[in-house]
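Me: Can you walk me through this model, starting with what packs where?
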Amino acid sequence: MTWCAYGDDGFQAGYTSLSSNDSPNKNSISHLPRELALLSRLRTLILDGNPLEEIPESVTKIASLEKISAIEIGLKRINPRISKLEILNKIDLRGNQIECLPKEIEQLRKLKELDLCGNYLATVPSFAFSLDSLRTLTLSANQITSLPEDIQQNKALVNLALDYNKLEGIPDCVDKLQSLRSLNLSGNRISHASEAIGNIHSLLYLDLSFNELELIPASINRLRNLQSLVLHSNKIRTIPAFICELKELENVIFRWNQIKSIPDELTCLKELQRIDCSHNKINAIPRNINQLKKLKHLELACNEIEAFPVELTALKELEFLDLQSNSILSIPREIELLTNLNYLDLRSNPLPISPEILGSPDLDDSPGSVEGIFNYLKELYGGKVKPLNEAKMLLVGQPLVGKTSLINRLVDNHYNSDESQTDGLKVRSWGVHINSKDVRLNVWDFGGQEIYHATHQFFLTKRSLYLLVCNCRTSEDENRIEYWLKLIQSFGSESPVIIVGNKSDEQPLDINRKALRQKYPNICAILETSCQSGNGIEDLRATITSEVGKLRDVYNLLPLSWFKVKEQLEALDKDFISYGEYIGICHQNQIPEEQNQTQLIDLLHNLGLVLNFREHDFLQNTNVLNPDWVTQGIYTLLSDDTLKTQGKGILDYDDLSRVLEPTRYPPERHRYLTELMQEFQLCFELPDCSCPRFLIPGLLPKDEPDDTRLKGETLEFQYHYRILPESVLSRFIVLSHEKIHEQTCWRSGVMLEYCEGDEVCNIARVKADPEDKKIFISISGRETIRRIFLALIRDTFTKIHKSFADLEVTEWVPVPGHPDHPPLDYQELLGQEGMGIQEFPIGKLRLRLNLRQLLDGYEPVEARRQRDLKERGLDIEERYGDIHLNIHQGSRATHQHGSGDNVAGDLIQGDKHSQS
């Protein structure tokens with residue numbers, strides 16, 4: 001480890017021990033040299049992440065010190081001798097175990113910033129508020145229930161953060177802090193507000209989010225200088241009329257409440273720049289909103305708004321508009337007058353606009369571009385659109401249940417008793433008549449063999465109808481009905497499912513219909529058919545047409561020019577064309593805009609008519625016009641016995657030439673397939689090979705090698721799944737292949753290594769139990785690196801899990817010292833910690849676990865707090881990076897950044913605000 005100290009003249013002194021890593025969070029220093037006290041010009045000392053457990057005496061003798069940072073060092077008490085550091089102006093002790101403050105701290109008369117976030121403080125002594133120079137006091141995430149009544153009137157304190165404590169009310173004594181400009185009381189248990197808060201006339205920022213307020217405190221109306229009011233996540237039903245008295249308000253954050261309307265009084269606040277009332281019950285936007293001439297940011301997502309008032313288009317300064325998940329039926333033509341708009345979210349409204357234009361409904365994704373939406377609306381109002389009238393239907397189920405025979409009977413009224421088994425995937429079109437309209441169904445028939453399941457994530461899509469086909473002659477377990485239902489739920493989200501019991505002429509379908517429909521509400525019908533006799537086929541056909549008619553995007557309106565390109569591509573008798581050829585076809589049909597070209601190719605990709613991967617450097621240059629070309633090529637490789645038995649999952653270009661039919665798969669197209677398989681996370685390229693070679697984890701031997709035992713103590717972590725898709729572990733191996741230890745991997749597991757320089761300091765074993773639907777992670781080696789390594793592994797799994805629409809997965813950790821006891825739910829432990837519980841009892845073991853100590857072994861307290869905020873709908877990066885109040889000698893400026901929620905923290909710096 002190298003650590004550096006800087007003095008007034010840039011002098012640098014360095015000490016080196018075993019590790020060369022400069023990041024203090026990756027070191028394990030347990031003591032500091034006494035010679036540190038000799039650094040007479042040292043001004044800043046950073047000790048973060050080292051297991052020091054105390055601030056050594058040598059540090060208290062460095063008279064030149066101005067700043068100390070000792071984040072997460074296991075500190076339980078503050079050395080009283082720190083008071084000898086007379087010019088100390090900043091102390092950061094976040095994430096320690098401090099329970100009380102020494103009285104000597106009041107001698108630090110130059111101290112400006114004190115951060116004690118994430119400690120064990122239950123009370124705050126009054127002397128903490130009497131420091132003459134203290135401007136910022138951060139006491140977030142402690143156990144504080146009250147403030148001392150004898151707080152002296154403090155003329156220096158500007159920022160006070162008491163968020164995530166145990167306050168049940170706003171303390172009366174806060175009005176003694178007459179210079180306070182930022183007060184953060186979020187994440188407490190406040191259900192009422194003291195009148196005293198209205199006496200802090202200097203207050204510019206007030207955060208009462210994540211409390212239990214049912215009313216906006218009336219005393220707030222006296223805060224005539226208030227610029228930001230944050231009441232996120234309470235139980236507020238109305239915005240009171242007195243809000244209009246807060247003439248200086250620039251930001252109001254009322255999201256996640258129970259507000260039913262925006263009062264006209266709010267539109268009297270001429271300085272407003274941001275309104276966030278998302279996740280409420282608001283049914284209308286006030287028409288006089290056009291009075292808010294300075295409004296830049298308007299969030300009204302997840303409400304019950306039915307109309308987009310044309311008056312809204314008069315807000316010339318508007319840059320950000322979020323109306324996602326409402327009931328808006330149309331958008332006025334005048335929206336194009338919002339020339340400063342750079343963010344527009346209209347997703348999940350009943351608008352007849354394709355998601356490729358509005359953007360994916362997934363909340364984690366970004367909405368469509370403003371330019372793309374505006375271009376579409378020009379086509380719409382010019383009458384140059386027509387309905388898509390197209391949908392996707394997918395047939396899934398075990399092998400040999402009769403999926404292909406069912407499609408032949410539905411579409412052609414034909415039955416072949418010698419129908420061959422489907423290998424891979426077959427796609428065909430079926431024209432149906434729905435709601436007096438001709439609709440084309442793109443029917444995808446999947447082979448049920450297990451080897452193909454790894455590719456399902458790329459073809460089982462949302463916005464589709466699913467037919468789960470079963471064999472009436474076999475049991476519910478043999479049909480794996482719940483496996484397929486969970487798989488559809490994971491990939492297709494809430495897409496409707498019809499369960500079809502085929503071969504009913506031989507035996508009725510014997511399943512628990514009521515239980516399945518209660519458990520899986522997206523089951524819209526359970527029917528029985530016989531392809532041989534034709535029984536039940538007409539009922540199935542009628543049910544299919546009825547359910548397709550209910551799909552949201554079937555009748556989306558698209559520009560006529562898009563249809564011409566689509567029809568021209570479908571008429572080409574080719575498996576693929578270059579992206580340049582596609583662009584040429586777009587230009588022929590008057591689609592010169594790049595935005596429209598990309599939106600159209602996305603639509604064709606999602607419909608399954610074309611495969612395009614424009615974000616991939618190599619794949620972007622080719623459009624596959626026939627998805628069957630891809631699926632047959634990949635499935636042929638995955639089914640090759642030689643690759644599985646002799647090659648042990650290793651593929652080279654000789655194998656591609658041997659396995660694939662040369663006319664349809666010429667050698668010049670082989671790289672496309674290997675790049676596509678890497679894009680699909682089906683394989684990875686092996687390093688240091690003279691000719692390209694690829695490892696396919698799904699074809700690895702099943703046997704776990706002998707040399708997978710870990711030495712010494714290990715950090716253990718588990719994932720439990722409701723259903724464990726075949727692809728999760730194989731994709732993890734692909735994504736982690738650069739860390740594979742000594743090439744040790746098998747079909748359900750892998751050994752990974754974490755290195756510093758050329759030294760392997762930690763080994764991890766990650767393996768799946770497909771039967772129990774669990775993944776086990778064990779990490780050995782250097783203790784200080786284990787949680788860093790675990791964080792990297794968890795990040796990779798998180799990316800994989802997020803790629804599924806609705807994958808149910810839980811996290812578990814073992815009881816320390818009791819490996820045979822059932823593991824503990826990790827999220828439950830985090831929730832207990834968030835409620836302020838310090839010990840977690842385990843009755844069977846007569847044991848009380850120290851929660852903080854246990855959880856610190858897995859991730860830092862700040863990381864836990866950040867995730868907690870994000871899961872509650874408020875990301876800490878947004879919270880402390882969005883609304884910044886900068887005060888400089890009487891000038892007033894509010895700056896907003898990004899699209900996050902609100903703020904506080906180190907908001908206000910500079911000289912005292914002069915009030916007008």
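Reply: First a term: contact means heavy atoms within 4.5 Å. This is a predicted model, where local features need pLDDT of at least 70 and side-chain atom pairs count only at pLDDT 80 or more, while totals for chains, interfaces and linings use all residues. Residues are numbered from 1 along each chain as its sequence is written, and side-chain values use heavy atoms, with hydrogens and water left out.

Me: OK. What covers the buried residues of H3?
Reply: The cover includes strands E18 (390-396), E19 (425-434), E20 (437-446), E21 (465-471) and E22 (497-502), plus helix H6 (537-550). Helices (H or I, at least four residues) and strands (E, at least two) are DSSP runs, numbered from the N terminus.

Me: How many residues of H3 are buried?
Reply: Eight of the 10 residues in H3 (403-412) are buried, meaning under 20% relative accessible area with a 1.4 Å probe, protein chains only; exposed is over 50%, and partly exposed is in between. Lys403 and Arg409 are among the buried ones, along with Leu406 and Ile407. Just after H3, Asn413 has a positive phi of about 50°.

Me: Switching topic. Which residues have the most contacts inside the largest nonpolar core?
Reply: Phe129, Leu206, Phe254 and Tyr582, in a core of 133 residues. Such a core is a set of buried Ala, Val, Leu, Ile, Met, Phe, Trp, Tyr and Cys residues joined through side-chain atoms within 4.5 Å. Helices H1 (355-358), H2 (370-381), H7 (560-571), H8 (579-588) and H9 (594-607) each give two or more residues to this core, as does strand E24 (557-559).

Me: And what does Tyr582 touch?
Reply: Leaving out residues up to four places away in sequence, Tyr582 touches Val565, Leu569, Ile577, Gln597, Leu600, Ile601 and Asn623. Val565 and Leu569 are also among the buried residues of H7.

Me: What do the buried residues of H2 pack against?
Reply: Strands E16 (343-345), E17 (385-387) and E24, and helices H1 and H9. The buried residues of H2 include Ile373, Phe374 and Tyr376. Just after H2, Gly383 takes a positive phi of about 75°.

Me: Last one: which residues are closest to the centre of the second largest pocket?
Reply: Glu783, Gln853, Leu854, Asp856 and Gly857, out of 44 lining residues. A pocket is an open set of points on a 1 Å grid over the protein atoms alone, where a 1.4 Å probe fits, with protein on both sides within 12 Å along at least five of seven lines; lining residues have an atom within 4 Å of a point. H15 gives the largest share of the lining, five residues.
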